[in-house]
Amino acid sequence: MIEKTSDVALMRQAVELAHQNRLAGGRPFGAVLAQDGVVIATGVNEIIASHDPSTHAELQAIRVGTRARANPSLAGLSIYASGHPCPMCLAALVAGNARQVFFAFDNADAAPYNLSSEGTYQRLGIQLNPPPLPITRIDTGISAAQLYGNSPWPQQG
């Protein structure tokens, strides 16, 4: 039997992936693609390593997950993203018919670290009110300063 994971635990996994990616020299973004609490795939932002601006964490998780399932549809799947999805990632989720989006940090949290996608939304003239699919913030107990800045990462206990 496959064990189901809670929304908070899946979000913590996405944030931990982002943290590990940052420690490895990448951008601090991670994503988990799941269906009913079961992880289908994960991804991290690979822009620095790949030199490809489309290798965002959400898209990497989508690529791995859809290939593994041999199905391009995201119907019934949810994404857990460490940061609010940018327009490109959100468009892929909408086009693939994803069920919902969860995120830990929004653009206001990311802005002080120059990691916000708000400017892209503005340049494209995209409004998220109402959102194109359910988008929900989940608090993981980790602060934006801990993920994006220089505040100490909490120790596992």
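1. Residues 5–118. Over this stretch the chain is 42% helix and 22% strand. The model is a predicted one. UniProt, in an unreviewed entry, places the feature "domain: CMP/dCMP-type deaminase" at residues 5–118.

2. The nonpolar core. The largest nonpolar core has 37 residues. Met 11, Val 15, Tyr 80, Phe 105 and Tyr 148 are the residues with the most contacts inside this core. At least two core residues come from each of these elements: helix H1 (7–23), strand S1 (30–35), H3, S3, helix H4 (87–95), S4 and helix H7 (144–148). H1 gives the most, with 5 residues. As background, nonpolar side chains in soluble globular proteins tend to be buried together.

3. Aromatic pairs. The structure holds 4 aromatic pairs. One of the aromatic pairs is formed by Tyr 80 and Phe 102, which are stacked, at 4.7 Å centre to centre and with 15° between the planes. Tyr 80 lies in strand S3 and Phe 102 in strand S4 (residues 100–105), so the pair ties together parts that are 22 residues apart in sequence. Are Tyr 80 and Phe 102 buried or exposed? Both are buried, and Tyr 80 is also among the residues with the most contacts inside the largest nonpolar core.

4. The aromatic cluster. Phe 29, Phe 105, Tyr 113 and Tyr 148 form one aromatic cluster.

5. The largest pocket. About 290 Å³ of space lies in this pocket. By class, the lining has 11 nonpolar, 11 polar and 3 charged residues. Helix H3 (57–69), strand S3 (78–83) and helix H5 (107–110) each supply at least two residues of the lining. S3 gives the most to the lining, with 3 residues, and S3 also supplies at least two residues of the core.

6. Pro 131. This residue sits in the loop between helix H6 (118–124) and strand S5 (135–137). Pro 131 is partly exposed, with a relative accessible area of 41%. Pro 131 and Leu 90 are 41 residues apart along the chain, and their C-alpha atoms are separated by 10.0 Å.

Terms used: Residues are numbered from 1 along each chain as its sequence is written. This is a predicted model: local features need pLDDT of at least 70, side-chain atom pairs count only at pLDDT 80 or more; totals for chains, interfaces and linings use all residues. Side-chain values use heavy atoms; hydrogens and water are left out. On a 1 Å grid over the protein atoms alone, a cavity is a set of points where a 1.4 Å probe fits but cannot get out, and a pocket is an open set with protein on both sides within 12 Å along at least five of seven lines; lining residues have an atom within 4 Å of a point. Grid points are joined across faces, edges and corners, and a volume is the space filled by probe spheres set on the points. Helices (H or I, at least four residues) and strands (E, at least two) are DSSP runs, numbered from the N terminus. Ala, Val, Leu, Ile, Met, Phe, Trp, Tyr, Cys and Pro count as nonpolar, Asp, Glu, Lys and Arg as charged, and the others, Gly among them, as polar. Rings of Phe, Tyr and Trp (its six-membered ring) pair if their centres lie within 6.5 Å; planes under 30 degrees apart count as stacked, over 60 as edge-to-face and the rest as tilted. Buried means under 20% relative accessible area, exposed over 50%, partly exposed in between (1.4 Å probe, protein chains only). UniProt positions are given in the numbering used here, feature names are shortened, and annotations may be inferred rather than shown by experiment. A nonpolar core is a set of buried Ala, Val, Leu, Ile, Met, Phe, Trp, Tyr and Cys residues joined through side-chain atoms within 4.5 Å.
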